[in-house]
Amino acid sequence: MKNYVITVNGNAYDVTVEEAGEVSAPAAAPKAAAPKKAAPAPKAAAAGGTPINAPMRGTIVDIKVKVGDKVSNGTVVAVLEAMKMENDIVSDKDGVVAAVCVNKGESVETGAPVVTLN
């Protein structure tokens, strides 16, 4: 018999699989393993600002703006690599960059603030 840990929808289960030709008593129901730790909370956006969030999980490969830069609707503020594709993260409004919430090379989750505008 071989023991495996299988994860389904974030829940880990201990599973015993018997090899062909072996005969044994039925195994007990799978025992749920301890759930994974929650992902760390995204960095807080600057107070009072409007965040521009990551549209998907990935890695920041370039930051195109710095604090104090004026941006308009459609300006590329950062580049995110996800599934081996580079995706532009663009401003959805006019404003001034109040904070850059990520660093080049950093992994981000969906919805994490990348830049904050005032």
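**Conventions for all views.** The structure shown is a predicted model, in which local features need pLDDT of at least 70 and side-chain atom pairs count only at pLDDT 80 or more, while totals for chains, interfaces and linings use all residues. Numbering starts from 1 along each chain as its sequence is written, and side-chain values use heavy atoms, with hydrogens and water left out.

**View 1. Overall architecture of the protein.** The protein contains 11 strands and 0 helices; these elements are DSSP runs numbered from the N terminus, with at least two residues (E) for a strand and at least four (H or I) for a helix. From the N terminus on, the order of elements is β-β-β-β-β-β-β-β-β-β-β. Of its 118 residues, 23% count as buried. Contacts are heavy atoms within 4.5 Å; among those between residues at least 6 apart in sequence, 50% join residues at least 24 apart. The protein exposes about 8,000 Å², of which carbon and sulfur atoms supply 54%; accessible areas follow the Shrake-Rupley method with a 1.4 Å probe, and for residues only the protein chains shown count as cover.

**View 2. The open sheet β8-β7-β5-β10.** Four strands form this open sheet with antiparallel pairing, in the order β8-β7-β5-β10. Strands β8 (85-90) and β10 (107-108) stand at the edges with a single partner strand each, so one side of each is left without a neighbour in the sheet. Strand β5 (residues 58-63) and strand β7 (residues 76-82) run antiparallel and are joined by 4 bridges; two strands pair if DSSP finds at least two bridges between them. Within this pairing, Ile63 stands opposite Ala78 in β7. Strands of a sheet pair through backbone hydrogen bonds, either parallel or antiparallel.

View 3. The whole structure holds 2 salt bridges, each being a side-chain nitrogen of Lys or Arg within 4 Å of a carboxyl oxygen of Asp or Glu. One links Lys64 to Asp62, with the closest N and O atoms 3.1 Å apart. Lys64 is partly exposed at 47% relative accessibility, and Asp62 is partly exposed at 25%. A salt bridge also joins Lys66 to Asp69, with an N to O distance of 3.4 Å. Lys66 counts as exposed, its relative accessibility being 55%.

**View 4. Surroundings of Asn3.** Asn3 lies in strand β1 and is exposed, with a relative accessible area of 63%. Leaving aside residues up to four places away in sequence, Asn3 touches Val15 and Thr16. Asn3 and Asp14 are 11 residues apart along the chain, and their C-alpha atoms are separated by 7.0 Å.

**View 5. A nonpolar surface patch.** Tyr4, Ile6, Val8 and Val17 make a nonpolar patch of about 320 Å². Patches are made of residues with over 30% relative accessible area and no salt bridge, like charges being joined within 9 Å and nonpolar side chains (Val, Leu, Ile, Met, Phe, Trp, Tyr) within 5 Å. Strand β1 (residues 2-8) gives the largest share, 3 residues. Val17 lies in strand β2 (residues 11-17) and is partly exposed at 38% relative accessibility.

Definitions and conventions: Buried means under 20% relative accessible area, exposed over 50%, partly exposed in between (1.4 Å probe, protein chains only).
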